[in-house]
Amino acid sequence: MKKTPVRQLMFGEKQVILHMDLKNEDPGFSAMQNIKRRFFALRNGIVADTLRRAGDPHRIIFGLTLPQLTEIASSLTGNTNALADDLWDNRSTRESRLLAPMLMAHSQVNVDKATEMFLDVMCIEEADILCHRLLRHLPFAMDLVELNRNSDIPLTRYTALRLMLNIVTTNPHRAMQIAQDELKRNDRYTHRIAMQLANETDFLINGC
């Protein structure tokens with residue numbers, strides 16, 4: 001008999017063993033329902049509570065880690081664009097929003113779609129994953145940075161800076177100017193990412 005893979009999660013001093021096959025989807029459920037069942041099987045209450053206390057804006061938080069979400073994404077085959085759209089539209093659930101950019105085919109994301117997602121970001125964690133897993137791979141990534149770096153919304157500017165950090169090697173001198181412009185705002189929300197971008201570009205330009 002084939003054994004089901006065993007997952008072990010640590011809850012303080014207690015070890016909980018979860019049995020599930022990430023690649024075994026139930027045909028009686030929709031793709032979205034199967035994903036939600038995976039979220040539920042891997043839920044981590046301690047992580048979820050920590051995220052809530054930190055101000056995570058999502059109403060539903062299962063507490064999955066990024067490696068777990070990456071493993072779910074890698075287990076899915078075929079065209080997952082429609083599922084990715086459904087997950088991104090599921091704004092109430094943290095894990096849905098983080099998994100969506102991992103499933104979208106880069107070639108299927110045009111400027112309008114990318115801009116819509118860029119402006120729909122709800123928190124820093126979403127911005128980080130969206131930029132790293134999707135936006136940085138798009139041929140117009142720099143255009144997204146330029147179009148949004150002067151937004152009146154701090155989170156939108158954060159997303160622009162995060163994306164610039166992902167593609168910094170393509171134009172470090174422009175990245176340095178963008179970082180310096182943001183630092184002049186003296187905005188606590190974006191100061192850390194702007195400093196990170198400035199330090200990275202300084203290293204690329206000056207080598208020290």
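Predicted model: local features only at pLDDT ≥ 70, side-chain atom pairs only at ≥ 80, totals over all residues.

Me: Does Ser151 count as buried or exposed?

Reply: The general idea is to compare relative accessibility with a cut-off, and buried means under 20%. Ser151 has 17% relative accessibility, so this residue counts as buried. Its place is in the loop between α8 (141-148) and α9. Leaving aside residues up to four places away in sequence, Ser151 touches Thr156, Arg157 and Arg185.

Me: How do I read a pair of packed helices?

Reply: Two packed helices are described by the angle between their axes and the distance between the axes. Here, take α5 (residues 94-103) and α7 (residues 124-133): their axes come within 8 Å and cross at roughly 15°. Angles under 35 degrees count as roughly parallel, so α5 is roughly parallel to α7. The crossing of these two helices is right-handed.

Me: Which residues of α5 and α7 make the contact?

Reply: From α5 come Arg94, Arg97, Leu98, Pro101 and Met102, while α7 supplies Glu125, Glu126, Ile129, Leu130 and Arg133. By class, the residues of this contact are five nonpolar and five charged, with no polar ones.

Me: And the largest nonpolar core: which residues have the most contacts inside it?

Reply: Those are Leu99 and Leu135, in a core of 53 residues. Helix α9 (residues 154-166) gives the largest share of this core, with seven residues. As for Leu135, its contacts beyond four places away in sequence are Ala114, Phe118, Leu130, Ala141, Leu144 and Leu163. You have met Leu130 already, as one of the α7 residues in the contact with α5.

How values were computed: Residues numbered from 1 in each chain as written. Heavy atoms only, no water. Axes fitted to C-alpha atoms, helices over the stretch in contact; angles between N-to-C directions. Helix = DSSP H or I, 4+ residues; strand = E, 2+ residues; numbered from the N terminus. Parallel < 35°, antiparallel > 145°, perpendicular 65-115°, else oblique. Left-handed = near helix turned anticlockwise from the far one by under 90°. Contact = heavy atoms within 4.5 Å. Nonpolar A, V, L, I, M, F, W, Y, C, P; charged D, E, K, R; others polar. Core = buried A, V, L, I, M, F, W, Y, C linked by side-chain atoms within 4.5 Å. Buried < 20%, exposed > 50% of the residue type's maximum accessible area, 1.4 Å probe, protein only.
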